Number of protein chains: 2
Amino acid sequence: MVKTYKSSTKSMSKGLQVESSSNNFKLMMDEPESLGGTNEAMSPVEALLCALGGCQAIVVKAYAKAQGLDIEDFSVDMEGDIDLDGFLRKRDVLRGFQEIRYTMHFKTKESREKIEKFVEFIEDTCPVGDTINRKVAILNKKIEIE
Amino acid sequence: MVKTYKSSTKSMSKGLQVESSSNNFKLMMDEPESLGGTNEAMSPVEALLCALGGCQAIVVKAYAKAQGLDIEDFSVDMEGDIDLDGFLRKRDVLRGFQEIRYTMHFKTKESREKIEKFVEFIEDTCPVGDTINRKVAILNKKIEIE
């Protein structure tokens, strides 16, 4: 079953602030002062890391029981490196993340072996992870000028 | 200048809800009822589309003037298709976005030629776009079990 997801993003009046919305929920984004923003919201690359962690955590919640695992609590920390000389157009380096690393925390009495197998399942199931870990085309559908 | 970005994600008590935070800002995520959630926040794949639109919009705001362009307003709509049979583990299909498409709206007196050139610049500069449009490694740094 193919579902088409959507978002809309508009400019806000202040500095670099923008607001995206999807499914009637809003997400404001900004940049830190060091990059010309006013630091009143997370940046888009931080939102990407939040989406990735959120996706892994939802897979855990959705599948732990079905896999016979009793997991009392779960959290995940993401980190990823960006050479800002790319975004700042100072040098011709990669604009986005070079790599992303995660540390998962499980509160559970299950064995390490079972948890490690479940982590492989999480990696293999997470739609945001698959989108980042694969080259996904971003196509220019239309440019409207008024 | 390499900057390491971070996010932390924790499980919330209700249904599939999770909360990510980055740079002290929070983003709650959920799933629609059709996928077992309570539909009280956007989903991680929607957050990814929001991050992509937000990143393009911030590049527009950050660079329009420097490129000699007078852009009164800008917005962008994103859409992308996911075969949910992947996330639901019904069939072995791609878990994430098959492709992503965008429609940009410019309010400006600049020529279409100039705007189309600027759109190429936006695509080439956007860190979130580069992360999605390239295969980025997601590495398991550590699994902590308590």
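A residue is termed buried if 20 or more other C-beta atoms lie within 10 Å of its own, exposed if 12 or fewer do, and partly exposed in between, with C-beta atoms placed from the backbone. The model is predicted: local features need pLDDT of at least 70, side-chain atom pairs count only at pLDDT 80 or more, and totals for chains, interfaces and linings use all residues. Residues are numbered from 1 along each chain as its sequence is written, and chains are lettered from A and ligands numbered from 1 in the order in which they are written.

Chain A divides into domain 1 (7-41) and domain 2 (43-132), with bounds from an automatic or database domain assignment. The centres of these two domains of chain A, taken over C-alpha atoms, lie 23 Å apart.

Chain A superposes on chain B by a rotation of 180° with 0.0 Å of shift along its axis (RMSD 0.0 Å).

Contact here requires C-beta atoms, placed from the backbone, within 7 Å. By this criterion, 94 residues of chain A touch 94 residues of chain B. Helix α1 (residues 44-63) of chain A contributes the most to the chain A side, with 15 residues. Helices (H or I, at least four residues) are DSSP runs, numbered from the N terminus. The chain A side comprises 45 nonpolar, 23 polar and 26 charged residues. Ala, Val, Leu, Ile, Met, Phe, Trp, Tyr, Cys and Pro count as nonpolar, Asp, Glu, Lys and Arg as charged, and the others, Gly among them, as polar.

In chain B, α1(B) is mostly covered, with 18 of its 20 residues buried. Its end C-alpha atoms are 28 Å apart, close to the 28 Å expected at 1.5 Å a residue; the expected span is 1.5 Å times one less than the number of residues. Tyr63(B) belongs to this helix. Tyr63(B) is partly exposed, because 17 other C-beta atoms lie within 10 Å.

Phe118(B), Ile122(B) and Thr125(B) are its buried residues.

Conventions: Copies are superposed by least squares on the C-alpha atoms of residues with pLDDT of at least 70 in both. Helices (H or I, at least four residues) and strands (E, at least two) are DSSP runs, numbered from the N terminus. Two residues are in contact if their C-beta atoms, placed from the backbone, lie within 7 Å.
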